[in-house]
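I opened a notebook page for this chain and looked it up one topic at a time. The entries are in the order I made them.

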Amino acid sequence: MPLLDHFHPPLSVQRHWEGFHSKWASSIVDQLNEQLPPRYFAEPHVRQGTEVEIDVAAFEEQRISSADAEHTATLVWSPALPTMTIPLDSAGFDVFEVQIINDEAGPRLVAAIELVSPANKDRPAHRPAFATKCAAYLQSGVCVMVVDIVTVRRADLHSELLDVFTTDAYESIQKTDIYAAAYRTRCDVADEFALDVWIEPLNVGDALPTLPLWLSPFGAVPVDLEQSYVLTCQTLRIGPGGH
C-alpha cells in the first residue's frame, strides 16, 4: 500500500502517530526475528518522557569468531552497492571513555533502527543531538538505519548526520523532507575508514524500500519496510477497510 501521511488530517485526527510508530517498531522486530541468524535477536525500544523515542535494536548474544560470522553471512542477503561512500578521517573515531567490564555482560548491540519523531526535527538543538547519537553508534561499529516519515516538520537529518563526519557537501539524493537510509562504517583493505550510505527518498503515496541492516562486516539482512508498514496499517485498521 502507498505511504500515508500520519501527521496531517484526516489520518492524524483518526490515529495517534505514537501508537503507529510503536506498533511499526514491533512489526519490524517480528520481521527481523524471523530471519536473523542464530545468536542474534531484535527488540523494540520505546522511551517516553519530554519526547517520544521509538526504535529497534538488534543484538548479538555473544561475540562469535570471524570464521563463524563469515559462515553466517553466506546465509543472509547481499545488498546492492551503497548509494555513496564517504572517506573518513580515522582521527574522527577517537573515543575517551572508562569501561567497567563484567564477565557476565549481556548481549552486544550490533544495529539500531531509528524511527524519527517530530521532536527529532522540531528544534535546532534537537537535530544535532539526533545526528550525534547516530554518529556515536556508527563510530562504535553499530549499523544505523533511519526512517523519517515525519511530514509535519521540515529538516534534513541526513545532512545533519553527514556533517558530523565531514565538512564536504554530498548531494546524494534529491532534496526531500522524508527518507529512509542505512549507514555503516567500515575499514577497507588499506586500513582506511569509510562510511557507506544506502538512502532512498520517500514520498507520500509511494511504496517503501528494502534496506540492508548490517550485523557485522561480513553480512547484512534485508529490512523490508513496505512489508512491516503494510502489516502495521492492517493491524491498526488504517487504509482500505479501516480509516
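**Ground rules.** I am working with a predicted model, in which local features need pLDDT of at least 70 and side-chain atom pairs count only at pLDDT 80 or more, while totals for chains, interfaces and linings use all residues. Residues are numbered from 1 along each chain as its sequence is written, and side-chain values use heavy atoms, with hydrogens and water left out.

**Whole chain.** I looked up the secondary structure and found six helices and nine strands. Helices (H or I, at least four residues) and strands (E, at least two) are DSSP runs, numbered from the N terminus. Of the 243 residues in the chain, 44% are buried. I use "buried" for under 20% relative accessible area, "exposed" for over 50% and "partly exposed" for what lies in between (1.4 Å probe, protein chains only). I then looked up contacts, which means heavy atoms within 4.5 Å. Among contacts with a separation of 6 or more, 71% are between residues 24 or more positions apart.

**Helix packing.** Two packed helices are described by the angle between their axes and the distance between the axes. Helix α1 (residues 17-33) packs with helix α6 (residues 225-235) at an angle of about 130°, and the axes are 9 Å apart. That makes α1 oblique to α6. For the terms, axes are lines fitted to C-alpha atoms, for helices over the stretch in contact, and angles run from 0 to 180 degrees between N-to-C directions. Angles under 35 degrees count as roughly parallel, over 145 as roughly antiparallel, 65 to 115 as roughly perpendicular, and the rest as oblique.

Which residues meet here? On the α1 side I listed F20, K23, W24, S27, I28 and Q31. On the α6 side I listed L225, Q227, S228, Y229, L231, T232, C233 and T235. T232 is buried, with a relative accessible area of 0%. Leaving aside neighbours within four places in sequence, T232 is in contact with F20, K23, W24 and S27.

**Charged pairs.** Side chains of opposite charge can pair when their charged atoms come close. How many salt bridges does the structure hold? I found seven, a salt bridge being a side-chain nitrogen of Lys or Arg within 4 Å of a carboxyl oxygen of Asp or Glu.

K133 forms a salt bridge with E114, and their closest N and O atoms are 3.2 Å apart. This pair links distant parts of the chain, with K133 in helix α4 (residues 126-139) and E114 in strand β4 (residues 108-115), 19 residues apart. K133 is partly exposed at 24% relative accessible area, whereas E114 is buried at 2%.

E160 and R127 also meet through their side chains in a salt bridge, at 3.8 Å from N to O. E160 is in helix α5 (residues 157-165) and R127 in helix α4, 33 residues apart, and the pair links distant parts of the chain. E160 is partly exposed at 24%, and R127 is buried at 17%.

In the salt bridge of R154 with D177, the closest N and O atoms are 2.9 Å apart. R154 lies in the loop between β5 (143-148) and α5, and D177 in the loop between α5 and β6 (179-187), so the pair ties together parts that are 23 residues apart in sequence. R154 is exposed at 69%, while D177 is partly exposed at 24%. Salt bridges that share partners also join R184, R186 and D196 into one network.

**Cysteines.** I looked for disulfides (pairs of cysteine sulfur atoms within 2.5 Å) and found zero. C187 is partly exposed at 43%, and C233 is buried at 0%.

**Backbone.** A cis peptide bond joins P9 and P10, with omega about 10°. P10 lies in the segment before α1. R39, a residue other than glycine, has a positive phi near 80°. R39 is in the loop between α1 and β1 (40-48) and is partly exposed at 38%. R237 has a positive phi near 55°. R237 lies in the segment after α6 and is exposed at 62%.
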